[in-house]
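Here are my notes for you to read alongside the model.

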Amino acid sequence: MLRGRAASGFWKKCMMFDAVCVCLAAGAAFSSAGRRKEILQSFSGAAYGSGTEAGAQAEGEGLAGAQEEKKKVALTFDDGPNPEYTEPLLEGLKERGVHATFFLLGSQVELYPDIAKEIADGGHLIGTHSYDHVDLKNLSDADAARQVGRANEAIRAATGKTPQYIRPPFGSWKDDLDFETKMIEVLWDVDPLDWKVGDADTVVERALAEVGENDIILLHDASESSVEAAFQIIDALEREGYVFVTVDEILFD
Ligand code: NI
């Protein structure tokens with residue numbers, strides 16, 4: 001399983017020793033496995049989703065033990081914050097006691113910093129999705145690094161923390177950026193194409209048909225149907241014994 005790779009001792013060692021070159025070599029070796037959910041580079045320092053922080057959070061809620069026994073799954077939301085749909089989503093997540101991961105656009109964060117702050121205050125994990133949703137591979141190294149840096153700065157300004165995780169738009173990462181950004185790339189396992197479908201039932205059906213333990217589900221807090229689908233997915237998977245975690249808990253536990 002792809003996430004098994006991310007969670008292996010080898011990767012943890014990479015994290016510990018900042019063994020960038022080794023990580024990259026291994027990443028290249030594993031990349032033929034298909035959809036990647038790999039760590040491109042180790043990272044240190046206080047930021048979203050550090051092991052200590054995630055651990056303390058889980059412990060604080062008394063969930064640490066329960067989560068180890070249950071099947072984990074992660075919901076992720078791209079392209080926000082959205083002025084119409086993010087807050088209703090946050091409310092529904094709170095009602096269900098679920099933490100998700102949000103990959104935010106720097107440009108949207110600058111427009112709606114209060115919503116970004118609400119996401120952070122809700123205990124969700126925040127990553128970056130570039131500044132204005134560009135394909136980083138089409139940019140020069142310097143411009144791509146600027147896209148990431150500017151988004152990270154907007155997120156830091158709004159929430160007080162610098163993101164550690166990145167989901168590149170279109171899943172299109174630029175390998176040279178490994179050396180520039182020191183971020184961890186997070187892709188996905190389940191993509192119900194919610195942005196295209198526009199119908200909650202179909203999105204739910206697709207997601208439930210594909211999902212398995214330790215999967216990362218891709219959604220967007222950009223439409224009512226996606227938000228509704230997210231709630232239905234949560235309710236259905238919780239009935240099946242899943243527990244919802246943020247992506248760091250899938251990648252590193
Ligand atoms: Ni996107």
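1. The structure holds two aromatic pairs (ring centres of Phe, Tyr or Trp, the last by its six-membered ring, within 6.5 Å; planes under 30 degrees apart are stacked, over 60 edge-to-face, the rest tilted). In one of them, Tyr165 and Phe252 have ring centres 6.3 Å apart and planes at 45°, so this pair is tilted. Tyr165 lies in strand β4 (residues 165-166) and Phe252 in helix α14 (residues 247-252), 87 residues apart. Helices (H or I, at least four residues) and strands (E, at least two) are DSSP runs numbered from the N terminus.

2. A word on the source: this is a predicted model, where local features need pLDDT of at least 70 and side-chain atom pairs 80 or more, while totals for chains, interfaces and linings use all residues. Residues are numbered from 1 along each chain as its sequence is written, and side-chain values use heavy atoms, without hydrogens and water.

3. Tyr165 has 1% relative accessibility, and Phe252 has 15%.

4. Ser107, in helix α7 (residues 106-111), is buried too, at 19%. Beyond its neighbours within four places in sequence, Ser107 is in contact (heavy atoms within 4.5 Å) with Tyr131 and Asp132.

Notes:
Buried means under 20% relative accessible area, exposed over 50%, partly exposed in between (1.4 Å probe, protein chains only).
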